[in-house]
Structures are given as structure tokens and as C-alpha cells.
Amino acid sequence: MGFNGNHRNHLHCIPRENNKNRWKKTAESASRNMMISVASPLFLLQTSVATSRPSPIGTLFTAVRSSLISQQGGDAAPFPPIRVAKRVVLVRHGQSTWNEEGRIQGSSNFSVLTQKGEAQAETNRLMLLHDTFDACFASPLNRSKRTAEVIWGARKEEIITDTDLREIDLYSFQGLLKHEGKAKFGVAYLQWQRDAANFNIDGHYPVRELWTRARSCWTKILTHESRSLLVVAHNAVNQALVATAIGLGTEYFRTLLQSNCGTSSSPFAAGSSGGRSSSNQIILVCQGSSKRDCEDNSPGGDVPLDMLGIIQSQKTAELLLDLKVKTVVSSPTLASIETANSISRVQEAADVLGANSVPRCVEMKQMEDLDDGVLTVVWEKSGKVWKLLLDELSGESETGNTVVAVADPAIHIALLGHCLNLTKEWMGSFHLDAGSISVLDFPEGPAGRGVIRCINYTAHLGRWSSPITRSILTD
């Protein structure tokens, strides 16, 4: 996933008997073992251990993988069993000289970190300074190894390099500027952009090979004696690690993006997927903290924002100020309405505040509480909301459209599932914090496939957010 801003990706393996968060029942019914909760610059993965048998891993994007591979029609071998919970933080290297030049790097080892890349690595070092890690795995390529050295700092344990963590092998493409690749390889380059999973070059299928390597990496990570690990690698291989962790196949390549060190100044920066730029976005804003969050973690309940939630909603409104928001869609619950109103008031004052953005507000139908047996109802309702959001995103605009949706994290988790064309059983695989933002891009327009650029972004909340690398073992 492409995550911008001060956040990262983690993987946590969590003993199920201690997993008391709001998705416990969902996770149990789906027999999942991994959770993804992504805070923009990094991937946090957590694996869970069932009481009756060892289970695979999970991620801070909060995703889980287990028997779902067979449900997806995959033929991958299962991950090795684990006996204790594991937490894995995935970081992409900082900007390299070839990133800056727009040159295709692949697994070549000729580029080094730029000054900006060094600064990005230092930012990540400070973000992770107080995190406890037992070990660090890193790609042996210079740009990744150097990033790992900066982040690892004065820790005594040696960095473990693993060639399977190198970037995707692109063979004859490597070293070419993008326009050179297009001119020299024509149809093959177009396939790399549009159908990467089936892309073939020099007799190889790079993305398929990458997925195989990612599974090999997980075997090494899960069998390592450490419980908390830092992994520093590359965009494509980190995508493959997250996807294989939650049981997604090669068709999800470029759907879960990650920017350099995940420390871009804004999660909304226009990006690209396979060379396609995107200016159509759906921004999922989780309502701010409410009294219910302090008393009961189950979704639902019509209570207003608490003081923390009010501050979070104001921080979010400020973050969205410079966007040209077409529509603000809100759940009818009090906390969502209050969060949406904060965003709308700031948007409507855009002229005074120096921006030019006046949205119109659209109310969403009342959602039922998430009690036992209501998951299907919520999934079906969220499906209708997803279509509404895509309709709102449609429309002629030279600069593209931005739609903001405000709701309970439970609803947004379902919307992420719809974006990825998953089923309701996957809802237990994701975790979103109050006040967080997730960004979905549509490079081919609302009718095309959505790309998750950022999930669970909380950098804008500053001290008013939960630590993005916090363990969720006791949630």
C-alpha cells in the first residue's frame, strides 16, 4: 500500500484468546490469523496464535491469512506454524538516485540514497526510536541496507541481510529510463504497466517470482526466534509480503502501494500505478473518538464525540483544507456527523482560509449496530454505500474529483474490502483508528480498479493519536 505521511506498516501475530478488539468474533468466524493496520509510511503486521493450533501471521494493515488461500483459489504452501505472537514492521528504503531520475531499478544495485532519502531514513529512525525490536532483516541492496543502518542506529544486534528481500527482478528493463523502456519494449512495457501479474520478460514472470520469494521470506521471519522484527526492503517486495501475508494473489500487485520510507508530506499527493496518474480519490475519514470508544469497543451506538474526538476532527479538517473536495458523505451517527461538520465548516471557509473548495454534504442512511449476526447486513449496506461513493466520484472535472466519507471505522473496513473486491470474511483482517484517514486512488476513473495509497494515516493527529507501532495484542 502506498502510505504517505508519518506512519508505517506492521505485522502482528496475536494469540486469539487475548484478541479482544471489536473484530474478535469476525476474526474467529473467518478463521483468520493476521491483522493489518497501516499507518502510512510503514506496514505493521501482527500474527495471531489460536488456542487450539498454531496460526500464520498478520499485519498492521490489519489483515489475516489462513485457510483463505484455498478460498481464493491459490496453491501456495501454508506458512510454518508459530508458537508465540510476532510483530513485523515493514519499511521501504528512502529515495534513491534512480528514484529521483525516474529510472527502472528492479534488483539492480547501482543507486544510493539521495540527500532526501537519507533524511527520510532519519525521520523513520526517530519514529521507531522507542520501539523495541529483537532483530532487523534487510535487503542487501545498497539503498535498502543504508536505510536499515540509519533506522537501526546504535542497536547492538547485527542487521540480517536476505537476498529474497531484494527488489523485484526486472531483467532487461533494469537501468532504463521509463520512456526508454516504453520505446524499446513497446507491447511488453505496456503489459508491465497494465497486466503486471502476467508480464513476461527474458523468459521470466517477475511478479510471480516475487510472490514466491515473499513466501520464502515469511518462512524465515516466522521461524526466527524474535517476536518483534523490523524489515527494511523495497516497494514491490513489501507489497508482496503484505499480500502473501493476508492470502492475496499476484493480481493485487500495485494495489497496496508504499512510498519511499512512507514519509511523504501529505497522504493525498497525486500518485501513479503502473505509470497511470490519478486525480480521483475517495478519502475515508474515521470519526473521532467518542465516549463509546472508552466504554465499549463494539461498533455502533449514537453518542457524540468526546474532547479527544473534537480535537481529532479539527485536525482532520485542517489536513483536508487544501483539497478540492466535491462531496462530504457522512454516516447519520452523532460522532460521524460532528466530524463531517468540522470538515464542512473548514471547507466552506476555504476562501477566507486561503483555499478554494466548497463541498456539498450527502447524508448516508442509518447503519444498524454491529451485533452478533449483523455482519452480513453491514456488508450489504456498505456495498450500497460503496456504489454511492463511486457515483459521487463520477462527473466531469478537468482536475479530477475528491469525495470524503465519514463513518465508524467498522464501515470503512467494509469499504476497503469492497475496493479490493474481497468478501465480508476479510473484514477481520483490517484495523483502523479513530480519526484516521485512508486514501483510495482511481487511476482509470471510478469505473476502474481502486488502488489503496494509504490506510490508517494518523500523522496529522500528532500527540492526539494512538502510537502507530503500538502492539495490539491486548486490544
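A polar contact is a pair of N or O atoms within 3.5 Å, where one atom must be able to donate a hydrogen and the other to accept it within protein, and residues adjacent in sequence count only if both atoms are side-chain atoms. Keep that in mind for the opening view, and please note that everything shown here comes from a predicted model.

**View 1. His93 and Arg143 meet through their side chains.** Here the side chain of His93 makes a polar contact with the side chain of Arg143, at 3.5 Å. His93 is found in the loop between β4 and α3, and Arg143 is one of the buried residues of helix α5. Is His93 buried or exposed? With a relative accessible area of 2%, His93 is buried. Both residues also carry a UniProt label: the unreviewed entry lists His93 and Arg143 among its "binding site" positions.

**View 2. Two residues carry the "active site" label in the UniProt record.** The unreviewed entry places this feature at His93 and Glu167. They are spread over 75 residues of sequence, yet they cluster in space, with a largest C-alpha distance of 10.6 Å. Where is Glu167 found? Look for Glu167 in the loop between β6 (160-161) and α6 (178-185). Glu167 has a relative accessible area of 9%, so it is buried. Leaving out residues up to four places away in sequence, Glu167 touches a set of residues that includes Gly106, Ser107, Leu141, Arg143, Arg213 and His234.

**View 3. Arg92 and Ser96 belong to the "binding site" feature of the UniProt record.** In the unreviewed entry, this feature also takes in Gly94, Gln95, Thr97, Trp98, Asn99 and Lys178, among others. Arg92 is found in strand β4, while Ser96 is found in the loop between β4 and α3 (97-101). Arg92 is buried, with a relative accessible area of 11%. Ser96 counts as buried too, at 0% relative accessibility. Which residues does Ser96 touch, not counting those up to four places away in sequence? They are Gln105, Ser111, Val112, Leu113, Thr114 and Arg143.

**View 4. Helix α5 has several buried residues.** This helix covers residues 142-152, and its buried members are Arg143, Ser144, Thr147, Ala148, Val150, Ile151 and Trp152. What covers the buried residues of α5? The cover includes the strands β4 (87-92), β5 (135-138) and β7 (228-233), along with helix α4 (115-127). Just after α5 comes Gly153, which takes a positive phi of about 60 degrees.

**View 5. Trp152 has an aromatic partner in Phe133.** How many aromatic pairs are counted? The count comes to 10 aromatic pairs. In this one, the rings of Phe133 and Trp152 are tilted, 6.3 Å centre to centre and with 45 degrees between the planes. Phe133 lies in the loop between α4 and β5 and Trp152 in helix α5, so the pair ties together parts that are 19 residues apart in sequence. Both Phe133 and Trp152 are buried.

**View 6. Trp192 and Phe253 form a tilted aromatic pair.** Their rings are 5.8 Å apart, centre to centre, and their planes make an angle of 40 degrees. The pair links distant parts of the chain, 61 residues apart: Trp192 is in helix α7 (residues 187-194) and Phe253 is in the loop between α9 (235-245) and β8 (272-273). Both Trp192 and Phe253 are buried. They also belong to one aromatic cluster with Phe173, Phe185, Tyr189, Phe199 and Trp211.

**View 7. Glu444 sits in a loop between two strands.** The strands are β14 (437-441) and β15 (451-457). Glu444 counts as partly exposed, at 44% relative accessibility. Glu444 and Ser279 are 165 residues apart in sequence and 9.6 Å apart in space, C-alpha to C-alpha.

**View 8. Two cysteines, Cys217 and Cys454, are buried.** Cys217 has a relative accessible area of 1%, and Cys454 is at 0% relative accessibility. How many disulfides does a search of the whole structure find? The search finds 0 disulfides.

Definitions and conventions. Residues numbered from 1 in each chain as written. Predicted model: local features only at pLDDT ≥ 70, side-chain atom pairs only at ≥ 80, totals over all residues. Heavy atoms only, no water. Buried < 20%, exposed > 50% of the residue type's maximum accessible area, 1.4 Å probe, protein only. Helix = DSSP H or I, 4+ residues; strand = E, 2+ residues; numbered from the N terminus. Contact = heavy atoms within 4.5 Å. Phe/Tyr/Trp six-rings, centres within 6.5 Å; stacked < 30°, edge-to-face > 60°. UniProt positions renumbered as here; feature names shortened; annotations may be inferred. Disulfide = S-S within 2.5 Å.
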